[in-house]
Amino acid sequence: MLNVALPKGRLGEKVYAMFEKAGFPCPSIKENNRKLIFENQEAGVRYFWVKPSDVAIYVERGAADLGVAGKDILLEYQPDVYELLDLDIGKCRMAVAAQKSFRDNPQKTLRVATKFTNIAKNYYASMGRDIDMIHLNGSIEIAPILGLSDVIVDIVETGTTLKENDLEVIETIVPISARLIANKAGFKFKQAPIETIVASLAAQTEEAK
Amino acid sequence: MDVLKYEEKAIFSLRALYQTYGYAQYKMSKFEEYDLYVRNKNFLVSDHIITFTDTDGKLMALKPDVTLSIIKNSKDITDSVQKVYYNENVYRVSKGTHSFKEIMQVGLECLGAVDSYCIFEVLKLACESLALISSDFVLDLSNLDIIAEVIDSLGVSDQARKNLLTCVGEKNLHSISAICAEEGVDGSRLRRLVSTYGVPAEVLPVLHEIVPESPAVAQLETVLQALAHSGADANVRIDFSVVGDMNYYNGFVFKGFISGVASGVLSGGQYDNLMDKMGRKSRAIGFAVYLDLLEQLCETDREYDVDAVILYDDGADLAALFDAHKLLTSSGMRVTVQKSLPEKLRYKQLLKLQERGVEIIENHA
């Protein structure tokens, strides 16, 4: 039985459709209910919906053999997994944003508010910049407005939220998209079905380009 | 043997195995001078170390690693090989919990004039170690010299080289393409190397095409032939996603996986570069088995904590209690004698010592 962790939400539904096309359907998943685990004995697959930021943990710990997680999560938590494919969906970027009036003063410690402390830490360390990290769990955009921070490091999709809060991107750190990840041990013992899925998903991704 | 836990049984059989190959047990102190780890911090799996000040003011550490201590205390020999095995506790921070954990490790090291035979023997022992734990295992064998040959031929920057090595470990073909495109080099050979994995008979011919006339591939072939001859190659797979820090490791590196355990349970390789760093002329190879992970394999949780509980009242006849206990334990039962029933204790039989003898009060068997 192949265990697949899907991120709850629109991206997960898109990914499930790709898995279905790859020959691993599980029709019960489309029933509108609150169940989180769906199994198709015949196809030898079990899907479960988890919080997008938890997918990497399920895969690294072996509860799931395969999963789909954003590159942001992989960069932040650095799980020990295989990153088999860039699915080229769920695209956005990790960026530094600030108020339009912001002027960087390199003589001052930069106050950075973010949910992604590892990514921010590594980014500024690579530039040798001294920062004061402020870890927030949400509504990051208001931090510079309230004077809590100078800049924010966050995911930017369309930039609408930033614009509405009078912020703008001043630097792109890294482009983000959804990645197919695999548990290293699971890959050894379930290689055939995983390879079938990787080949099909790669072809579907290529086709969609 | 039934009273022993799964990992405890594994220790016994692994020790016996290593002794048959002439490996001597290496016993060491729990403590080591902190200085040893500071100088080789990146070699350690986690960089957190428990330290304390010894009575003479020296900063000491609870061992986070065994290999460094063995190298430090070994003779620098280049004409023969010192073969040792160990069974020690190490103290590391476990990922995710950010707290220290005591980890039981069994492993072996081969130091000195390490040649193809030594490499073969260590790999054979790695396979046999895994086979002792479970028949459903895979030993992934990689070679850093081959990976380095392919990456070095690209002539990319140091940072890109480091990133490429990380991608190799992740089987991350798309990022290899992206990095190579950024550096303006052709990454197809490296991508092919990463995509080439599986049983040696299928991989070796492809490897000869990717890195023709490579001495590292020739040595890999020699070692694999010996493994095939010894009958230990059935579960060996070539897989270049096993990588190590090239500042310490070189040549053969390998990782063992067991079905049912989420991460590698055995990890090892050649660490000549570490020997160089420590000013040694001798070469080295070794591996460690992470016994703490084997707990996950133990499927059968005991249904009962004990087979029987014998209850007694104040003033009970102690001799009669002892006799009742002896009678039950002589048939192999696990029996606890208690004045009152402990909370949440799961038992098969509940007995009580009465004046006329022991009576069964409850029986769940």
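## Exercises on rings, charges and contacts

The charged end of Lys277(B) sits over the ring of Tyr248(B), 5.6 Å from the ring centre. The model is predicted, so local features need pLDDT of at least 70 and side-chain atom pairs pLDDT 80 or more, while totals for chains, interfaces and linings use all residues. Residues are numbered from 1 along each chain as its sequence is written, chains are lettered from A and ligands numbered from 1 in the order in which they are written, and side-chain values use heavy atoms, without hydrogens and water.

**Exercise 1.** Which ring does Lys171(B) lie over?

Solution.
- Step 1: the criterion is NZ of Lys or CZ of Arg within 6 Å of the ring centre and within 35 degrees of the ring normal.
- Step 2: Lys171(B) lies over the face of Tyr197(B), at 3.8 Å from the ring centre.

**Exercise 2.** How many aromatic pairs does the structure hold over all chains?

Solution.
- Step 1: rings of Phe, Tyr and Trp (its six-membered ring) pair if their centres lie within 6.5 Å; planes under 30 degrees apart are stacked, over 60 edge-to-face and the rest tilted.
- Step 2: the total over all chains is 14 aromatic pairs.
- Step 3: one of them joins Phe48(A) and Tyr58(A), 5.9 Å centre to centre with 50 degrees between the planes, and is tilted.
- Step 4: Phe48(A) belongs to strand β3 (residues 45-50) and Tyr58(A) to helix α2 (residues 55-60) of chain A, 10 residues apart. Helices (H or I, at least four residues) and strands (E, at least two) are DSSP runs, numbered from the N terminus.
- Step 5: Phe48(A), at 10% relative accessibility, is buried, whereas Tyr58(A), at 32%, is partly exposed. Buried means under 20% relative accessible area, exposed over 50% and partly exposed in between (1.4 Å probe, protein chains only).

**Exercise 3.** Which residues of helix α8 of chain B (residues 188-195) are buried?

Solution.
- Step 1: the buried residues include Leu190(B), Leu193(B) and Val194(B).
- Step 2: they cover an arc of only 95 degrees around the axis, so they are on the same side of α8(B). The arc is that of the directions from the helix axis to the C-beta atoms.
- Step 3: the buried residues of α8(B) pack against α5 (144-152), α6 (158-170), α7 (173-183) and α9 (200-210) of chain B. Contact means heavy atoms within 4.5 Å.

**Exercise 4.** How many salt bridges are there between chain B and chain A?

Solution.
- Step 1: a salt bridge is a side-chain nitrogen of Lys or Arg within 4 Å of a carboxyl oxygen of Asp or Glu.
- Step 2: two salt bridges are counted between chain B and chain A.
- Step 3: Lys188(A) and Asp140(B) meet in a salt bridge at 2.4 Å, N to O.
- Step 4: the contact takes 20 residues from chain B and 23 residues from chain A.

**Exercise 5.** Which residue forms a salt bridge with Glu32(B)?

Solution.
- Step 1: the partner of Glu32(B) is Lys72(B), with the closest N and O atoms 2.4 Å apart.
- Step 2: Glu32(B) is in strand β2 (residues 31-33) and Lys72(B) in helix α3 (residues 67-73) of chain B, 40 residues apart.
- Step 3: Glu32(B) is buried at 8% relative accessible area, and Lys72(B) is partly exposed at 34%.
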